[in-house]
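Here are my notes on the ligand sites, as promised. Have the structure open while you read.

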Amino acid sequence: MSRSLRPLFATAVIFAIAYALSVLQFPSMFSTRVLGNFLTDNAFLGIAAVGMTFVILSGGIDLSVGAVIGFTGVLVAVLISWAGFHPLAAFAVALVVGAAFGGAMGLAIHFLQVPSFIVTLAGMFLARGGASVITQDSIPINHEFYGWISDLIIRLPGGGRLSFIGLLMIAVFIIGALVAHRTKFGSYVYALGGNPVSASLMGVPVARTTVAIYMLSSLLATVAGIVFSLYTSAGYPLAAVGVELDAISAVVIGGTLLTGGYGFVLGTFVGVMLLGLVQTYIIFDGTLSSWWTKIVIGVLLFLFIVLQRLIFAASSSGDRAPEKG
Amino acid sequence: MIRRTLRGLANPQLLALLGVLLINWALFPGFFRITWQDGRLFGSLIDVLNRGAPVAILAIGMAGVIATKGVDLSVGAVMAVAGAVAATLVVAGYPAPIAVAAALSVGLICGLWNGFLVAVLDIQPIVATLVLMVAGRGIAQLITEGFIVTFNDPVLIFIGTGSFLGLPMAAVIALVLMVLVTLLYRRTAVGLFVEAVGINRAAASLSGIRSRMLLMMVYGLSGLCAAVAGIIVAGDIRGADANNAGLWLELDAILAVVIGGTSLLGGRFSVPLAVVGAFIIQAMNTGILVSGFRPEFNLIVKAGMIFLILLIQSPLASRLAPVRLRPVKQAVPK
Amino acid sequence: MADAGSYALEARKIVKIFGNHIALDTIDFGLRAGEVHALLGENGAGKSTLIKILTGAYQPTTGQVLVDGTPVTLDNPQHAQKYGIGTVYQEVNLLPNRSVAENLFLGHQPTRFGLVDRRRMERDSRAVLQRYGLDIDPASELGAHSVAVQQIVAIARAVELSGKVLILDEPTASLDRNEVERLFEIVRDLKQQGLAIVFITHFLDQVFAIADRVTILRNGKLIETRALDDLTRTDVVRLMLGKDIAFSGATGVEDARPLGEVLLDFKNYGKKRSVHPFNLTIHKGEVVGVAGLLGSGRTEMARIMFGADAADEGTVTIEGKPTTIARPTDAIAHGFGFLPEDRKIEGIFGDLSVRENIIIALQGKLGWFSRLNRDEQLEIAGRFGEAMDIRAASLDMPVKLLSGGNQQKVILSRWLATDPAFLILDEPTRGIDVGAHAEIVRTINRLRDEGMALVVISSELDEVVAYSSRIVVMRDRELVAELSGENINPGVIVQAIANHREGAPA
Amino acid sequence: QDISGKVIGFSQIGSESGWRAAETSVTRQEAEARGVDLKFADAQQKQENQIKAIRGFIAQGVDAILLAPVVATGWEDVLAEAQEAEIPVVLLDRGIEAPEDLYLTAVMSDQVLEGRVAGEWLVEAVGDEECNVVELQGTVGSSPAINRKQGFEEAIAGHDNITITQSQTGDFTRSKGKEVMEAFLKSTNGGEDICAVYAHNDDMAVGAIQAIKDAGLKPGTDIKVVSIDAVPDIFTAIAAGEANATVELTPNMAGPAFDALAAYWADGTEPEKFIITESKLYTAEDDPEGEYERRKDLGY
Ligand SMILES: Nc1ncnc2c1ncn2[C@@H]1O[C@H](COP(=O)(O)OP(=O)(O)OP(=O)(O)O)[C@@H](O)[C@H]1O
Ligand SMILES: Nc1ncnc2c1ncn2[C@@H]1O[C@H](COP(=O)(O)OP(=O)(O)OP(=O)(O)O)[C@@H](O)[C@H]1O
Ligand SMILES: [Mg+2]
Ligand SMILES: [Mg+2]
C-alpha cells in the first residue's frame with residue numbers, strides 16, 4: 001500500500017472497530033435509523049470539512065468556517081423571510097457573497113503574506129459580527145420550498161431515512177475527492193502544501209491557486225450554511241459556533257497532515273463519521289455529566305490519534321521516517 | 001546603544017499600540033486620565049494593563065511554543081483548571097500558598113503533557129493540544145462540580161485585584177514574568193535553540209540540540225503561564241468559573257504573539273513584543289467598551305483593527321513606508 | 001558579438017539588487033539556438049540569480065529579457081514555461097510528497113474529460129524515465145527516492161518542458177559518472193534539435209566536454225562571454241577568480257605515513273534493513289574516504305556512526321573504551337561532527353544568521369546555560385568565516401540568502417568551531433566552486449595533519465584519492481573493500497565498486 | 001401517579017453558567033426521586049448537538065424527551081420525527097417557534113416578565129429622581145438577553161427620569177461583567193453619573209459589584225444593583241447591602257414537567273401548553289441569608 005494511504009486505512013479500521021464495539025454495547029446503534037442520522041446530522045459539518053481538507057492540504061487553515069455558516073444562515077433567512085426572495089435566488093446570492101468573502105481572504109493571505117490562521121481569524125470575527133449586526137434574533141424560514149426539500153427523504157426499512165442533505169454531503173465528498181485527486185487544481189493544492197517555493201518554481205500559479213482554495217473553502221462553508229438552514233429552517237447569528245474546530249478535527253483524524261501535502265478527502269469523511277459516532281455513543285450512554293462528556297470526548301480524541309500513530313508507525317517501519325516540522 | 005533603543009521603539013508593534021490608544025482617546029477624551037485613588041492608580045489606561053495581563057501572560061508562554069513551529073490551544077482550558085484547583089483548595093481550608101503551588105504544578109503538568117504528545121509521540125501540535133482544550137474544561141468543571149467556587153482568601157484576591165506601587169498586581173506579575181522569561185530565553189542559549197528547532201528540527205538534532213527536552217520545556221512553560229493567568233482571573237472575580245474562565249483566550253494569545261511579529265511557521269520570536277501584542281488587543285477591547293459602540297459591532301471593529309495592524313506589518317507596507325517595518329529586528333552591526 | 005536577432009533568449013543590462021547588495025550588475029547574456037552555453041563563476045557570483053531572472057522566478061531591478069528578440073515580461077516560472085523555457089534550479093526543487101509522474105508533468109498533466117488521465121501520465125513517465133536509464137515506479141512518492149533519482153526527475157521534467165531553451169543549474173552535482181554521461185547524450189541530442197542550453201557547473205571537465213561557449217561572472221559582474229575553443233582551463237579559472245591559483249587537484253598522498261593511535265573502532269556495527277554490519281577502525285590523523293555508487297548506503301553508514309540513526313547491532317569503542325552512541329548528542333559529546341549530505345534539509349537554519357549557524361553546535365555542546373554572548377559569537381564566527389573565506393555581506397544576515405557553496409562552508413565552520421576529534425563529511429564539495437573546492441580539500445588535509453580523524457564520503461574519485469589515507473568501498477549497503485597505499489587510485493576503486501563478492505585486491 | 005421505570009431523555013444546552021448547572025442537578029434529583037431513568041445529553045451550546053441528541057433518543061426508543069432548547073427556531077423536523085415515533089416532548093425554560101402540537105407542554109419562565117419585574121422595582125425605588133442606568137447585557141443574540149432587555153425597557157418606558165445611558169454585553173460571565181463595569185465607571189465620570197446597574201444575570205452583577213467597590217463607591221447605595229436569576233451568591237451580596245434586588249428564575253423546571261408527563265400517561269390528561277414558573281422579586285426584606293442557605297447546595 002502506498003505510504004500516504006495508510007493513515008486513511010488506519011482511520012477506517014478504527015472506525016469499524018469502534019462502531020462494532022458500540023453496537024456490542026448498544027445493539028440499537030446498528031440500525032438504518034442511526035446510520036441515516038449519521039449522514040443527515042453531520043451533513044453541514046461534512047460539507048464544510050471538505051473545504052477545510054483543501055485548505056489544510058495546501059498547508060493553511062480556515063478558522064472562519066463556522067462563522068460563515070452562521071452568516072449564510074442569517075443572510076438566506078433575511079433574503080427569504082424579509083425580502084421575499086425565492087430560496088434558490090437567496091442561495092445564489094449567498095454563494096456569490098461566500099465566494100467573494102473567501103476570495104478576499106485568499107488575496108490577503110497571498111499578497112499581504114499574513115498567515116492564514118490570522119486572516120481567517122479576522123474573517124471569523126467579521127462574518128460573526130456581520131451576522132449579529134443584521135439581526136440578533138433567530139429568523140425562521142417558512143417557505144414551501146423548505147418543506148419540499150425536507151420531505152425529500154428516502155425511507156429505509158427499519159425507520160431509517162436518507163435525507164436530501166445527507167445525500168448532498170455524499171455528493172460533495174465525491175466531487176471533492178475527484179477535484180483533489182484527479183484535476184490539475186488538486187495537484188496544485190498538494191504542491192503548495194508540499195513546498196510552496198518548489199511549487200512556484202515548477203510553474204504552479206500560486207496566487208491564483210491560493211485564492212481559489214480559500215474561495216472553495218468559503219463556498220463550501222456557504223453550502224454548509226445553506227444546508228444548516230435547511231436542517232433548522234432558520235437563520236441564527238450564533239449558529240455553528242466552533243464548527244471550524246470540529247472540521248479541523250475531522251480532517252486531521254481522517255489522516256491529513258496539518259502541515260499540508262498529505263491526505264485524502266475520503267479520509268475526512270471517515271473522520272466526520274468518527275466524530276459522529278463518538279457523540280452518538282455518548283447520547284446512547286446517557287449517564288455522563290456535562291464535564292464527563294468533555295473529558296470523554298478529549299480522551300477518545302487522544303486514543304484515536306495515538307492509535308492512528310501506532311498503526312502508521314507499525315506499517316511504515318523500514319521506510320525513511322517522513323520529516324516532521 | 002541609545003540609537004539602538006530608539007530604533008527599537010520605532011517598531012510597528014509599538015506604533016500600532018500608540019495608534020490604537022490615540023483612536024481610543026479620540027473616541028473617549030478621558031482615556032488618558034489617570035487618578036490616584038485608594039492607594040492605586042485608576043483610569044482606562046490602567047484598565048488596559050490590568051485586563052490585558054492574562055492574555056499577555058498566556059502570550060509569554062505561547063511565544064516560545066509558536067517559535068518551535070507549534071501552537072498551544074489548551075491554555076484557556078488550563079487557566080480554568082488552575083483556577084478551579086486554587087479555589088477548591090482554599091475553600092477546603094488549605095493555606096493560599098499551597099493552593100497556588102498546587103495550581104501552578106497542575107498547569108505545569110498540563111503543559112508537560114502537551115509537550116510529551118508533541119515531542120515524544122510526534123503528534124501535530126494543534127491536535128495534541130486540542131485534546132486538552134476539549135478535556136481540560138471538563139476537568140475544571142469536574143473539580144468545581146459545575147459551581148462557581150467563590151472564596152474570600154485574601155492572598156488569592158490580592159493576586160487578582162491587589163496593587164503594587166499603585167499598579168494592578170496582574171500587570172506587575174505579567175511584567176515580571178515577561179522579564180524573567182525573556183532573560184531565560186536571551187541570557188541562556190534556550191532562545192536560540194528554540195528558534196533552531198522551529199526552523200529546522202532535523203538540522204537541530206544533528207547539531208546536538210536536545211529538541212525533545214526543549215519542546216517539553218517550552219510547552220511546560222506555556223502551561224505554567226496559563227496557570228498563573230488562571231489564578232489571576234480567579235482572584236479577580238473571587239471565584240473559579242470553570243465554564244467561562246479563559247474561554248477563547250487561546251485565540252487572543254496566538255493573535256498577540258503573531259501581532260508581536262512571530263511567524264506561525266516558527267523561528268524568530270520575541271516575548272516582549274508578544275506582550276505588546278496582547279496589550280494592543282486589550283486596548284482595542286477597552287476602547288470598544290469606553291467608546292459606547294453597540295455590542296453587535298464589537299467583532300466587526302476587532303476584525304477591522306486586526307486587518308489594519310496586519311496591513312501595517314505586511315511587506316507591502318514596508319515597501320511603501322520609509323521606516324523599515326519588519327516584524328523582528330534585524331540588527332546590522334558594522 | 002553576434003547580432004542580437006539570432007538570440008533565442010537574451011538578457012540586456014540586467015541589474016538585480018537584494019536589499020543593499022548588488023547581486024547582478026548590468027549583465028548582458030545571449031543564448032543562441034543550438035548551443036550549449038556554460039555559465040561559470042565562483043560561489044555567489046550570481047549565476048543562480050541570473051537564471052531565476054531569465055525564468056521569471058525573480059524580477060530584475062532594471063534591464064530587459066528578450067525571447068527571440070522581442071522584449072517580454074516574465075511574471076513567473078509558469079509564464080516562462082509557456083515560452084518553452086524549461087529549468088532545473090539549483091538544489092532539487094520538486095515535490096517530495098507527490099508521485100514521480102506528477103512531478104514530471106505537474107501543470108501539464110494529460111487530461112481526459114477534464115480529469116487527469118493518470119494511467120496515461122504514468123505510461124508517459126515510464127517512457128521518459130527510460131531514456132535516463134531509470135526504472136522506477138512512476139506512481140511512487142518522489143521523496144522515497146534518493147537525491148540522485150530526484151535530480152534526474154528534475155532534469156527529465158525540464159527537458160520535457162523545454163521547447164526552446166533548457167536551463168540546468170548544477171544538474172550534475174549529485175550524479176555519478178554514468179548518469180552524467182547519459183545526461184550529456186541527451187543534451188547533445190537536444191542541441192542537435194536546435195535547443196539553446198544553459199549549463200551551470202563547477203566541474204571544468206564537464207564544461208570542456210560539452211559546452212560551446214562560456215560566460216563568466218565574478219561578484220555579480222560580467223567578465224567575459226567567449227567561444228570555448230579559444231580557452232584553456234587555466235584561462236577559465238583565471239577569469240573566474242581574477243587571479244591565478246595553484247590547481248590543487250591530485251596532489252597525491254604522502255604514502256606510508258605512520259598511522260596515529262586508534263581513535264574509534266566499530267565492530268560489526270550496523271542497523272537492520274539499513275546497513276549491513278561493518279568493521280572499521282579509524283586512527284587519529286587519517287582520512288578514511290568512502291567510495292561507492294549512489295544509493296550504496298554511504299550516507300546511511302555515516303548517520304549510524306553519528307547516532308543520527310541508532311545502530312541496533314555491534315559495538316563501538318572510543319580510545320579503547322566501549323561506548324554507546326544512540327543519538328547525535330552522544331556523538332558530539334565524544335567530539336564527533338557531521339556534515340550532512342542535504343544541507344537544505346538537514347544542515348542550515350535558513351532564518352538564523354550566519355553567526356548563529358556557525359556557533360550553534362558549539363553552543364549545543366556547552367548547553368543551555370553557558371551562553372556565548374554576542375561578542376564571543378561574532379569572534380568565533382568571524383574567525384571561521386575568515387578562515388573558510390565565507391562570502392557574506394554581514395555575519396548577521398540570514399544564512400538562507402547565501403549562495404549554496406557559502407552555506408556549505410558555514411556548516412563546516414559550525415563543526416570546526418566545536419574543535420572535534422572526528423569529523424564525518426558527506427559530500428562536502430558538492431556544489432562548490434573551484435576555489436572553495438580547493439579550500440575545502442586543503443582544510444581536510446590540514447585537519448588531518450593536526451591529528452583529527454575524518455571520514456569523507458565523496459562521489460569524486462579524484463578527490464577521494466587526493467586526500468584519503470585509506471578508502472573503504474560500499475556496495476549494496478555493505479562495506480565490501482578497504483584499500484590503502486598503492487591501491488588508492490581511481491582504477492582500483494572503480495574495480496572494487498564494480499567487483500562482485502571480491503574484497504580488496506591487496 | 002407513578003412514572004418510575006420510565007426512560008426519559010434530557011437534552012440540555014450545556015453547562016455555561018451556574019444556573020444551568022443547577023437546573024441539571026435539580027433535574028437529576030427530581031428524576032431520581034421519581035425513579036425515572038434519565039438519559040442526559042449535554043449539547044455544549046450547540047443546536048446541532050441537541051438535534052443529534054433527540055434523534056439518538058428516538059433511535060433508542062425512550063418514553064419521553066425533555067428539551068431545553070438553545071434557540072427558538074429550527075425544531076420542526078426533529079420534533080415531527082419524535083411525534084411520528086409517539087414520544088412526547090416537554091420543553092424546558094424557553095419556548096420555541098413551532099406548531100404547538102409538536103410538543104406536549106413547555107415549562108418556562110417569562111423572560112420578558114423577568115426584565116419587567118426588575119424594571120418595575122427600579123421605577124419604584126428611584127421615584128422621581130433622575131436616574132442613569134447602565135445595562136450589562138447577556139450574550140449578544142441569546143434569547144434571555146433580547147427578552148430581558150425588552151422587558152426592562154417596557155417597564156421604564158414612560159418614566160423619563162430613567163434612561164439607559166450605556167449598554168454592553170458581559171457575556172453572562174462574572175469577569176466580563178466586571179470588565180465592562182470598570183469601563184462604564186471610567187466613561188461616566190468615575191461612576192458619579194451612574195445611579196443603577198441592570199444586569200441580565202446575577203453573575204455579571206457580582207462582577208459589577210466588585211468593580212464598583214474597586215472604584216471607591218458603595219454598590220447598593222451609591223449605585224443600585226438589580227439583576228435576574230437569584231443564584232446563591234447574589235443573596236450574600238444582598239445581605240451585605242451590596243446588591244438591591246434580584247428576580248428569581250427557578251432551576252426546577254423538570255419537576256412540573258415530570259408531573260405533567262405523569263398525568264398524561266396516567267389518564268391522557270393534556271397539560272396546559274405553557275406552564276409558566278413564577279418570576280419572584282427578592283430584596284433585602286426577603287431574608288437573603290435564608291435564601292442563600294436554601295440554595296447553596298442545589299448545584300449552582
Ligand atoms: N533572495 C536573496 N536575497 C538576498 N540576497 C540574495 C538572494 N538570493 C541570492 N542572494 C545573493 O546574491 C548573490 C548571488 O547568489 P547566487 O545564488 O546567484 O550565486 P551562485 O553564483 O549561484 O552561487 P553558487 O555557485 O554557490 O550556487 C549571493 O551573494 C547571494 O547571497
Ligand atoms: N528508489 C529508492 N527507493 C527507496 N529507497 C531508496 C531508493 N534509492 C535509495 N534508497 C535508499 O537509500 C539508501 C542509500 O541511499 P544514500 O543516498 O544514503 O546512498 P549514498 O551512498 O549515500 O548515496 P549518495 O551519493 O546519494 O549520498 C539505499 O540503500 C536505500 O535504502
Ligand atoms: Mg547557484
Ligand atoms: Mg548519500
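1. One cut-off before the rest: a residue counts as buried under 20% relative accessible area, as exposed over 50%, and as partly exposed in between. Thr299(C) has 22%, so it is partly exposed. Glu341(C) is also at 22% and therefore falls in the partly exposed class. Bear in mind that this is a predicted model.

2. Those two residues matter here for the metal site. The magnesium ion, ligand 4, is coordinated by OG1 of Thr299(C) and by two OE entries from Glu341(C), at 1.7 to 2.6 Å. The pair joins distant parts of the chain, 42 residues apart: Thr299(C) sits in helix α9 (residues 298-306), while Glu341(C) is in the loop between β18 (336-339) and α11 (343-347) of chain C.

3. Now to ligand 1, which has 20 residues around it. The closest are Asn43(C), Gly44(C), Ser48(C), Thr49(C) and Leu401(C). By class, the shell splits into 11 polar, six nonpolar and three charged residues.

4. Oxygen atoms of ligand 1 make several polar contacts. A polar side-chain atom of Ser48(C) is 2.6 Å from one, a side-chain N or O atom of Lys47(C) is at 2.8 Å, and a polar backbone atom of Gly46(C) is at 2.9 Å. Taken on its own, ligand 1 has 630 Å² of accessible area, and the protein covers 86% of that.

5. Which elements of chain C give two or more residues to this shell? They are β2 (21-32), α1 (47-54) and α14 (404-416). The largest share, three residues, comes from α1(C).

Methods:
Residues numbered from 1 in each chain as written. Chains lettered and ligands numbered in written order. Predicted model: local features only at pLDDT ≥ 70, side-chain atom pairs only at ≥ 80, totals over all residues. Heavy atoms only, no water. Near = heavy atom within 4 Å. Polar contact = N/O pair within 3.5 Å; in protein donor to acceptor, adjacent residues only side chain to side chain. Areas by Shrake-Rupley, 256 points an atom, 1.4 Å probe, with all protein chains shown as cover. Helix = DSSP H or I, 4+ residues; strand = E, 2+ residues; numbered from the N terminus. Nonpolar A, V, L, I, M, F, W, Y, C, P; charged D, E, K, R; others polar. Donors = N, O, S within 2.8 Å, 3.2 Å for Na, K, Ca; no water. Buried < 20%, exposed > 50% of the residue type's maximum accessible area, 1.4 Å probe, protein only.
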